[in-house]
Amino acid sequence: MILGGGPAGNAAASVAATLGGQVTLIERDLVGGAAHLLDCIPSKAMIATGGGLRAVDRAGAMALSAHAELDLHALRGRVTGIAHRLHMGVTALLESQGVRMIHGSGRLKGPREVVIETADGLEEVRADAILLATGSRPRVPEWAPVDGERVLTTRDAYPPPEIPEHLVVIGSGVTGVEFTHMFSAFGSQVTLIVSRQQVLPGKDPEAAAALEEAFLDRGVQLFKGARAEAIERDGDRVRVSCTDGRVAAGTHVVLAVGSVPNSDGLDVDAAGVMVDDGGYVPVNHHNQCNVPHIYVAGDLSGKLPLSSVASMQGRKIAEHVMGLHTREHRHLDYDKAASAIFTDPEIADVGLAEVDAFSEGRKVRVTKVPFSANAKALIDGDPRGFVKIISDPATGVVLGGSIVGRHAAELISVIAVAVTNRLTVTDIVDSLLVHPALAESLADAAE
Ligand SMILES: Cc1cc2nc3c(=O)[nH]c(=O)nc-3n(C[C@H](O)[C@H](O)[C@H](O)COP(=O)(O)OP(=O)(O)OC[C@H]3O[C@@H](n4cnc5c(N)ncnc54)[C@H](O)[C@@H]3O)c2cc1C
């Protein structure tokens, strides 16, 4: 019995059904989940359109002159069209695998009982194992009067009713910088409120600096070391006040200040499930909560809030429930999850970060190669950025890496495979790669 049809729930349903399990999936909205409909995919679809506009801006580098304009109506259709296609695809797959899908809102009634509120009334189902995969929603601080028009959460912005003339983005983590990039590509003036001295706290400072430079080049205003504490709306203007007295004025504001888990409404007490102070459900390395036959995956588990992690957790849980777990079975190592930031330039990283190695006093070899030395980057007219590989100086084992530049999200996969499988820099150097290709910089950095 699975509550929530996002990447965590879908992957678990599909794998468990393939392994012969009898699976029921409950989803209150559309199968595909918030990832497909509200967060990950819509934001990437809008960013891709912004990327098209940016490519036109850079057409001169490709010996072209070009002009493009955003069609907001068509963009809305494009975003919903992609989400719908993905929803149809996953629904068809699960149907073909014999998963029973119920449209309704589920909550626990006992350790093995779930009550589902559907359009036709209440249904009660008993299960041997239950997976809670109900995801999360944007966090709205009490000082933020969200109205869906001018004061927005990220979910109000796919796309918003109009392209903001001047958008204030609160929060400079992954979501905040992606929204900054997206709307500045659409032509909005953007002010980004950065609570620390660097965007993307915790990420490679060189990557963060490259992004800040790109933002400044595009006229983005950075309010560094500023914490928003109030938002006022006056007609079609908004004013965001910060604790240090600074005020960011604009026409719209979007909050990108994290998320809260969807555990309220699940009636966890009815099954004796423990929830932490933040509303997340703590789990062990098999993703079991304190009630062993109740599993938790995705954002609700409080681990890395990524679709990729959610679906991998779902897959591993299904294998565990279906008895496929063996001693050799590898636990999920969250420290080895690759992640990307879909800005321009794109940023991706995996494994050990250079800053963390230094702060831990760990001896590492760091090699960095700029894309300006790469033939394909020059051919593509965009030689910005670099590849950085962190390895063990004694064994050559690849420990981590970060990439800034075109297709960073794709290229990081090579380093991710190396990190997960303990490959060495020599394994990368000895691979016969394509020429000319951006990936050649990976081999150069591994030298
Ligand atoms: C703006 C944004 C961009 C992002 N971009 C990326 C990205 O590029 N790459 C990436 O890997 N991750 C990205 N993420 C993170 C990613 O979207 C989440 O980590 C992912 O959606 C988590 O998946 P999930 O299965 O836990 O939950 P969700 O995708 O949130 O799905 C949970 C589902 O459960 C349903 N549900 C909730 N309660 C109930 C109930 N009681 N009964 C029945 N159904 C219920 C909901 O309707 C929902 O469909 C992004 C997040 C945001 C906010």
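Colleague: Which residues in α3 meet which residues in α5?

Modeller: The model is predicted. On the α3 side, the residues are Ser43, Met46, Ile47, Gly50, Leu53 and Arg54, and they meet Glu178, His181, Met182 and Ala185 in α5. By class, the residues of this contact comprise 5 nonpolar, 3 polar and 2 charged.

Colleague: How are α3 and α5 oriented to each other, parallel or oblique?

Modeller: Angles under 35 degrees count as roughly parallel, and 65 to 115 as roughly perpendicular. Here the axes of α3 and α5 (residues 174–185) cross at roughly 45 degrees and come within 8 Å. The two helices are therefore oblique to each other. As for handedness, α3 passes α5 in a left-handed crossing.

Colleague: Turning to the domains, what does the assignment give for the protein chain?

Modeller: Domain 1 covers 2–137 + 260–326, domain 2 covers 151–257 and domain 3 covers 345–446, according to the domain assignment. Between domain 1 and domain 2, the C-alpha centres lie 28 Å apart. Their contact takes 13 residues from domain 1 and 9 residues from domain 2.

Colleague: Which element supplies the largest share of the side of domain 1 that touches domain 2?

Modeller: The largest share, 7 residues, comes from α3. Both α3 (40–57) and α4 supply at least two residues each of that side. By class, the side of domain 1 that touches domain 2 has 9 nonpolar, 2 polar and 2 charged residues.

Colleague: Finally, how many residues lie around the ligand, and which come nearest?

Modeller: There are 38 residues around the ligand, of which Gly4, Gly6, Gly33, Gly135 and Gly298 come nearest. The elements that each supply at least two residues of this shell are α1, β2 (24–27), α2 (33–37), α3, β4 (105–108) and α7 (307–321). By class, the shell has 13 nonpolar, 18 polar and 7 charged residues.

Terms used: Residues are numbered from 1 along each chain as its sequence is written. This is a predicted model: local features need pLDDT of at least 70, side-chain atom pairs count only at pLDDT 80 or more; totals for chains, interfaces and linings use all residues. Domain bounds come from an automatic or database domain assignment. Two residues are in contact if their C-beta atoms, placed from the backbone, lie within 7 Å. Helices (H or I, at least four residues) and strands (E, at least two) are DSSP runs, numbered from the N terminus. Ala, Val, Leu, Ile, Met, Phe, Trp, Tyr, Cys and Pro count as nonpolar, Asp, Glu, Lys and Arg as charged, and the others, Gly among them, as polar. A residue is near a molecule or strand if its C-beta atom, placed from the backbone, lies within 6 Å of it. Axes are lines fitted to C-alpha atoms, for helices over the stretch in contact, and angles run from 0 to 180 degrees between N-to-C directions. Angles under 35 degrees count as roughly parallel, over 145 as roughly antiparallel, 65 to 115 as roughly perpendicular and the rest as oblique. A crossing is left-handed if the near helix is turned anticlockwise from the far one by less than a right angle, and right-handed if clockwise.
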